[in-house]
Amino acid sequence: MSEYEERHDEELSLETIKELGQMEVPASAGEESQPFHCLTIIGQIEGHMVLPPRNKTTKYEHVIPQLVAIEQNPKIEGLLVVLNTVGGDIEAGLAIAEMLKTMNTPTVSLVLGGGHSIGAPIAVAADYSIISATATMTIHPIRLSGLVIGVPQTYEYLDKMQERVIRFIVKHSRVGTEALRDMMFRTGELVRDVGTVLVGDEAVKVGLMDEVGGVATALSRLSQLVSGEGKVQ
Amino acid sequence: MMLFTVIPLDDVLEGMEEAPVPTVVMSIGGVTLELEPGENFQAKVVRVISTDPSHYLNSSYQPGSIVHWT
């Protein structure tokens, strides 16, 4: 490699760090691509509205074709979904969750830091859901935003939206409707608000997540799913 | 649109009134991209416009990455 090429390479990797805060990991020799892909869902899940640049967002219109590509590629054996999200657009979040749920490619989700609000359905959508010991998940009701008219229809509509999220979580985890509703409307745990904060093993105890663990746990579970042993849910 | 988030709505929507940065749509390497033009023939990828799902896995076209057009 000439000196110029080296410098150019260095510049490129610096650029990657600067723009995305990510480092490009060099592919190991003799291996063209990894059998497992990793999808990170971070910050706000951006849906129908472009959020102001101050927000760190996961763009769902980009994630969905990625999932299609992963599903179609026979070289990709499994998908690890890493979540550290504060929530976001309901429709976009549910769209990603439904896509994950209906994929044939084995999926494992790993919640690090936080998987709040609409992050919860995405976390349970994977074939196997893992939460790190210190990660938290906030279960709370949907709040009103945008145009609100003080008529019963508004509340009925809100209730319907709420129901979609509850139904999805209940269907794809071990938690029951009543238990989930109870956590959602619990008072006294969140400051000036209703809801429940679940830390690490609490999320496993209530049946929302499957196991407390880290990246090694997630990858070994994914390998098990790929090899066909220990299919969960 | 409905947001389901633990972040207060005021914080999420802060700066919403500011005018959006103008973008251009351009085809680079056979892939149609929406770009935020910068200096020296550089542009930041806003999103990929394609029906080929593999384009979305291409690391050089991830939203936020810089592409060169000449």
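Two strands are said to pair if DSSP finds at least two bridges between them. Strands (E, at least two residues) and helices (H or I, at least four) are DSSP runs, numbered from the N terminus. With these terms in hand, the fold of chain B can be approached through β2(B) and β3(B), which pair in the antiparallel sense over 5 bridges. The model is a predicted one, in which local features need pLDDT of at least 70 and side-chain atom pairs count only at pLDDT 80 or more, while totals for chains, interfaces and linings use all residues. Residues are numbered from 1 along each chain as its sequence is written, chains are lettered from A and ligands numbered from 1 in the order in which they are written, and side-chain values use heavy atoms, with hydrogens and water left out.

The hairpin made by β2(B) and β3(B) has 2 residues between the strands, and Gly29(B) in the turn has a positive phi of about 60°. Further along, β3 (residues 31-37) and β4 (residues 42-49) of chain B run antiparallel and are joined by 6 bridges.

Attention now turns to where the chains meet. Contact (heavy atoms within 4.5 Å) involves 41 residues from chain A and 27 residues from chain B. The buried area, that is, the accessible area (1.4 Å probe) that two parts lose on being put together, summed over both, is about 3000 Å² between chain A and chain B, and carbon and sulfur atoms give 68% of this.

Between the two chains there is 1 salt bridge, a term for a side-chain nitrogen of Lys or Arg within 4 Å of a carboxyl oxygen of Asp or Glu. Its members are Arg54(A) and Glu14(B), whose closest N and O atoms are 3.7 Å apart. On the side of chain A that touches chain B, the elements giving two or more residues are α1 (3-20), β1 (36-46), α2 (60-72), β3 (78-89) and α5 (152-172). Of these, α2(A) gives the most, with 8 residues. A strand pairing also crosses between the chains: β3(A) and strand β1 (residues 3-5) of chain B pair in the antiparallel sense over 3 bridges, and Gly87(A) has Thr5(B) as its bridge partner.

Over all chains, the count comes to 10 salt bridges. One of them joins Arg181(A) to Glu163(A), with the closest N and O atoms 3.1 Å apart. This pair links distant parts of the chain, 18 residues apart, with Arg181(A) in helix α6 (residues 177-184) and Glu163(A) in helix α5 of chain A.
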